[in-house]
Amino acid sequence: HNMALEAWNSMYNAVLMFALVGAMASIGVLVRSAQQYGKAAVLQAVLLVSGLLYLAVSFVPGAFFAQHPVLLVPVGALIGVGQALGFVLPDAMLADIIDYAELHSGSRDEGMYTVIETNLQQFVEIAGGVFPMVLLAGAGYEPLGGCSCGCGVSCGRAIGMPYARWHCPGDVGYSCTGKGGSELLFAPEEPAVAPCAAQSEHVQSLISLFFLAIPGLLALIAAIPAGKMPITARVHAAILAAIAARDSGGDAGEGGDAGGEREVIDPVYGEPVQRPPNTAASLLHEHFSPSEWQSFPTLGSLRAFLVSRLLLWVALAAALVAGMAYSGVEAAVTFGCLLLSALFILIPWDGVRLYALSGPAASSLVPARTAPP
């Protein structure tokens, strides 16, 4: 749409093809670079370069690419590199984090970490797919410019007019074949922009904003924590050695104890690893934050807090459903569903914590303390 091409979908598919080639070509380079320079350094560098390039391209008008379509090749390849980056390095870094968590907890929790990662990605995809479309609709965006067919949608199959290039309110482009680019009949000249590809400048700016500018800005922001990942290849090797030494009762460079399990040092912070007791009381204690334990001096007050908040979440969910049913506005329904998705997490979260307080382990806790028993 930004390029105002009648055959915009063909160009879009070509860009996707370039993206696929860029992704496949970059995987090996990313892996070798991560092995040589470290995952965090490579991730940060690619995010910085990609973010700057995305922001730069976002200021280029679509008409420029319409006149010079070959320049879309590097743009598509850049998109592919970003897609490959999201699968190659973050998951490898997550594996290092899982090993580090095992050092502290004594258990392998791959399932929990990968589920959390997948859920976070799904939440981002939901928000990233909904908010732009809502804002575009508010700015006046209409699919095919409000036309019934054309610009990649066959008028013959859509409305039974095989001899129309497009069918728009007040404008029908007749031709002998109905194919894009074929000579128009009953028209003095070819329009500069096919009506099915026409969008307002405001809509075009929003498309460029969400397609390039915002991803570029988010890439620059993501580069900040990416470079602070403390688990390098050397540190990861030390983590694995510490796990092996602790589990075998051997020595990882420091003294031991009389319990058969050697004390090991956290390679990241250089402090002794304190294994959690994993008793029923300690696990229940971990259901709540230190501030919650400090804010509610008795178990009764903590239960009352959870009950009141659960009632609030349920009331908000009911109000959202009623509001969406009453308004019937598509934007209101969309945002209401997003808020409901958050409530569907908060309700079982507090429900499980309230249920945990009714178990036998709750009687052994003193809520005012801030450290696990």
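**Close-up views of a predicted model**

**View 1. The salt bridge between R309 and D350.** R309 is partly exposed, with a relative accessible area of 24%. In this predicted model, the side chain of R309 meets that of D350 in a salt bridge, with 2.8 Å from N to O. The pair links distant parts of the chain, since R309 belongs to helix α11 (residues 299-327) and D350 to helix α12 (residues 330-356), 41 residues apart. D350, for its part, has a relative accessible area of 0% and is therefore buried, the limit for that term being under 20%.

**View 2. The salt bridge between R165 and E6.** The structure holds 10 salt bridges, and one of them joins the side chains of R165 and E6, at 2.5 Å from N to O. R165 lies in strand β1 (residues 164-168), whereas E6 lies in the segment before α1 (8-37), so this pair ties together parts of the chain that are 159 residues apart in sequence. Both R165 and E6 are buried.

**View 3. The salt-bridge network around R108.** Four residues, D99, E102, R108 and E110, are linked in a network of salt bridges. Within this group, R108 forms a salt bridge with E110, and the closest N and O atoms of these two residues are 3.0 Å apart. R108 has a relative accessible area of 38% and is partly exposed, while E110, at 33% relative accessibility, also counts as partly exposed. Side chains of opposite charge can pair when their charged atoms come close.

**View 4. The nonpolar surface patch and helix α5.** M112, I116, L120, F123, I126 and I345 make a nonpolar surface patch of about 540 Å². Helix α5 (residues 110-138) supplies the largest share of this patch, with 5 residues. F123, which lies in helix α5, is partly exposed, with a relative accessible area of 38%; that value meets the requirement for patch residues of over 30% relative accessible area.

**View 5. The packing of helix α5 against helix α7.** The axes of α5 and helix α7 (residues 201-226) come within 10 Å and cross at roughly 170°. That angle makes α5 roughly antiparallel to α7, because angles over 145 degrees count as roughly antiparallel. On the α5 side the contact is made by P132, L135 and L136, and on the α7 side by V203, L206, I207 and F210.

Note on methods. Residues are numbered from 1 along each chain as its sequence is written. This is a predicted model: local features need pLDDT of at least 70, side-chain atom pairs count only at pLDDT 80 or more; totals for chains, interfaces and linings use all residues. Side-chain values use heavy atoms; hydrogens and water are left out. Patches are made of residues with over 30% relative accessible area and no salt bridge: like charges are joined within 9 Å, nonpolar side chains (Val, Leu, Ile, Met, Phe, Trp, Tyr) within 5 Å. Accessible areas come from the Shrake-Rupley method with a 1.4 Å probe; for residues, only the protein chains shown count as cover. Helices (H or I, at least four residues) and strands (E, at least two) are DSSP runs, numbered from the N terminus. Buried means under 20% relative accessible area, exposed over 50%, partly exposed in between (1.4 Å probe, protein chains only). Axes are lines fitted to C-alpha atoms, for helices over the stretch in contact, and angles run from 0 to 180 degrees between N-to-C directions. Angles under 35 degrees count as roughly parallel, over 145 as roughly antiparallel, 65 to 115 as roughly perpendicular and the rest as oblique. Contact means heavy atoms within 4.5 Å.
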